[in-house]
Amino acid sequence: MKITPEHNERIAKMTFSSVYPHYITKVESKGRTIEELHQVIEWLTGFDAQKLQELIDEKVTFETFFKRAKLNPNAHLIKGVICGYRIEEIENPLTKQTRYLDKLVDELAKGRKMEKILRQ
């Protein structure tokens, strides 16, 4: 699928707090825990559970969320297709980072081992 400027803009303006409950529902429905979800998010962004809650309370956009994040140096190892988009082909950095997060949550929900999710 082709990513449009409008798609990138929509992702930039979306709040993390609006998507976070969906991440929880997705992983818990597949038998994973919120703690595991937080571990994955912290690996990617550097945000611990307390900082994550602050960002949720602040209702930051994904743009602000990833501006404040300290992206893991191994994030570039996240590859594959998520939501119909091949991560390696996404040019917009913010959209790519958001899809990294989506991919990690998806792998967690699919029961992948944590060592593999965290690219160790």
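The model is predicted, so local features need pLDDT of at least 70 and side-chain atom pairs count only at pLDDT 80 or more, while totals for chains, interfaces and linings use all residues. Residues are numbered from 1 along each chain as its sequence is written, and side-chain values use heavy atoms, with hydrogens and water left out. Two packed helices are described by the angle between their axes and the distance between the axes.

**Helices α1 and α6**

- The axes of α1 and α6 come within 9 Å and cross at roughly 60°; axes are lines fitted to C-alpha atoms, for helices over the stretch in contact, with angles from 0 to 180 degrees between N-to-C directions.
- Helices here are DSSP runs (H or I, at least four residues), numbered from the N terminus.
- The two helices α1 and α6 are therefore oblique to each other (angles under 35 degrees count as roughly parallel, over 145 as roughly antiparallel, 65 to 115 as roughly perpendicular and the rest as oblique).
- The crossing of α1 past α6 is left-handed, a term for a near helix turned anticlockwise from the far one by less than a right angle, with clockwise giving right-handed.
- On the α1 side, His 7, Asn 8, Ile 11 and Ala 12 meet Leu 94, Thr 95, Thr 98 and Arg 99 of α6, where contact means heavy atoms within 4.5 Å.
- That contact of α1 with α6 has three nonpolar, four polar and one charged residues (Ala, Val, Leu, Ile, Met, Phe, Trp, Tyr, Cys and Pro count as nonpolar, Asp, Glu, Lys and Arg as charged, and the others, Gly among them, as polar).

- His 7 belongs to helix α1 (residues 5-13) and is buried, with a relative accessible area of 7% (buried means under 20%, exposed over 50%, partly exposed in between, with a 1.4 Å probe and protein chains only).
- Leaving aside residues up to four places away in sequence, His 7 touches Tyr 85, Thr 95 and Arg 99.
- Gln 97 sits in helix α6 (residues 93-109) and, with residues up to four places away in sequence not counted, touches Leu 44, Phe 66 and Leu 71.

**Helices α2 and α3**

- Helix α2 (residues 16-29) and helix α3 (residues 34-45) have axes that come within 9 Å and cross at roughly 125°.
- α2 and α3 are therefore oblique to each other, and α2 passes α3 in a right-handed crossing.
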